[in-house]
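Hi everyone, thanks for making time this morning. I'd like to walk you through a structure, so let me put it up on the screen.

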Amino acid sequence: MSPTGMPASSVPGSSANHAVIAAPGWLGDHADIVIGIPLRILLIVVGAMIVRALAKKAITRVVQRILQPPEQTGEARRTSRGPAVLHRDRSRAKERREQRARTIGSVLSSIVTVVVGVMATAMLLDQVGIALGPLLASAGVVGLAIGFGAQNLVADYLSGMLIMLEDQYGVGDSVDLGEAVGEVEHVGLRLTQVRDLNGGLWHIRNGEILRVRNDSQEWARAVLDVSVAYECNLDTVYRVLEEAGRDMREDPKFAPALLEDPSVWGVQSLEPDGVVVRVAVKTAPLQQWAVTRELRRRVKEALDAAGIDIPFQQRTVWIRSDNDNDNDIGENGDGSDTAGAGGRAPVVR
């Protein structure tokens, strides 16, 4: 109690009164530290989580759209790209779509997570008072060094991502990648695996793939060059070839593989041994080789039945007898009767 009978806390100028009055002032001066910064940090974290969730939802929609099988009716089955060309093997088509969707979804999710995480971290560091300039400069130097050291790896991953996004080829396609020609067994972000005709498995870095020939997209074409003798009537040859093609199209075994009637394109070239006539037909993907083999067999039988000769190679061979040296100089000494003497004679084979 004070001498006046009043509590010490209520006496003007006492230390307790100063503490009560000073507390609200300190809170007001440091409100940004106590409330503002934690609130902004919380908002940044929550905002980053919301952005990531929305991005993941969009990625999920993209993946689901990739997983949806294409139209399986009419011309859509013949003209659609990618998995639709594998409609004869539904399990392989499904595997290809699933692999492509999983890979694209995983890559996009990782990219979104890294980008959102880096941006949120930078904003959080700025809120706690850490200077970003030196950190960004250091990160730029380190990133430049890593970029020079791993530029091939970066190129591989970027090329692999573009290959999948553009659906240049996929599992089950028959491709020509240069030295590697065969069936694609796996497509990754860094490597593509191709099984060649001899059973060898090629591992090709995606960054080294400069051009691709895909024999499995939309449709293919079987091309057959038929050589006939010069004495044959070309109109008859055309008729026989067209009939052989129509018979093959009407065969239920090969009808699904042929998308149109085989057509005779005409004389392709004039060779020393015969006239080359070209026959072509549009086929379903991956069926061009089987169609070519069967068409070659049917053409051979049709030409034999029509009496049209398939020419063989003709060569002129000169035969030298043992007495050629004696007969090189004839009776007149100038060799004028050498050929008549039978020293050399051409033989056509």
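Let's start with helix H2, which covers residues 31-67 and contains Leu 43. Please keep in mind throughout that what you see is a predicted model.

Is Leu 43 buried or exposed? Leu 43 has a relative accessible area of 55%, and the cut-off for exposed is over 50%, so Leu 43 counts as exposed. For background, nonpolar side chains in soluble globular proteins tend to be buried together.

Now let me zoom out for a moment. The protein has nine helices and ten strands. Of its 349 residues, 30% are buried. The accessible surface is about 22000 Å², and carbon and sulfur atoms account for 58% of that. If you take the contacts with a separation of 6 or more, 63% of them join residues 24 or more positions apart.

On to the inside. Which residues have the most contacts within the largest nonpolar core? They are Leu 241 and Val 299, in a core of 25 residues. If you click on Leu 241 and ignore its neighbours within four places in sequence, you will find it in contact with Val 226, Val 264, Val 277, Val 279 and Val 299. Apart from this core lies another one, with 24 residues, including Val 63, Ile 163, Val 184 and Ile 204.

Last stop: the backbone. Most residues other than glycine have a negative phi. Here are two residues with a positive phi.

Asp 167, which is not a glycine, has a phi of about 55 degrees. You can find Asp 167 in the loop between helix H6 (151-166) and strand E1 (174-176). Where does Asp 167 stand on accessibility, buried or exposed? Its relative accessibility is 9%, and buried means under 20%, so Asp 167 counts as buried.

The other is Leu 286, again not a glycine, with a positive phi of about 70 degrees. At 27% relative accessibility, Leu 286 is partly exposed.

Technical notes:
Residues are numbered from 1 along each chain as its sequence is written. This is a predicted model: local features need pLDDT of at least 70, side-chain atom pairs count only at pLDDT 80 or more; totals for chains, interfaces and linings use all residues. Side-chain values use heavy atoms; hydrogens and water are left out. A nonpolar core is a set of buried Ala, Val, Leu, Ile, Met, Phe, Trp, Tyr and Cys residues joined through side-chain atoms within 4.5 Å. Buried means under 20% relative accessible area, exposed over 50%, partly exposed in between (1.4 Å probe, protein chains only). Contact means heavy atoms within 4.5 Å. Helices (H or I, at least four residues) and strands (E, at least two) are DSSP runs, numbered from the N terminus. Accessible areas come from the Shrake-Rupley method with a 1.4 Å probe; for residues, only the protein chains shown count as cover.
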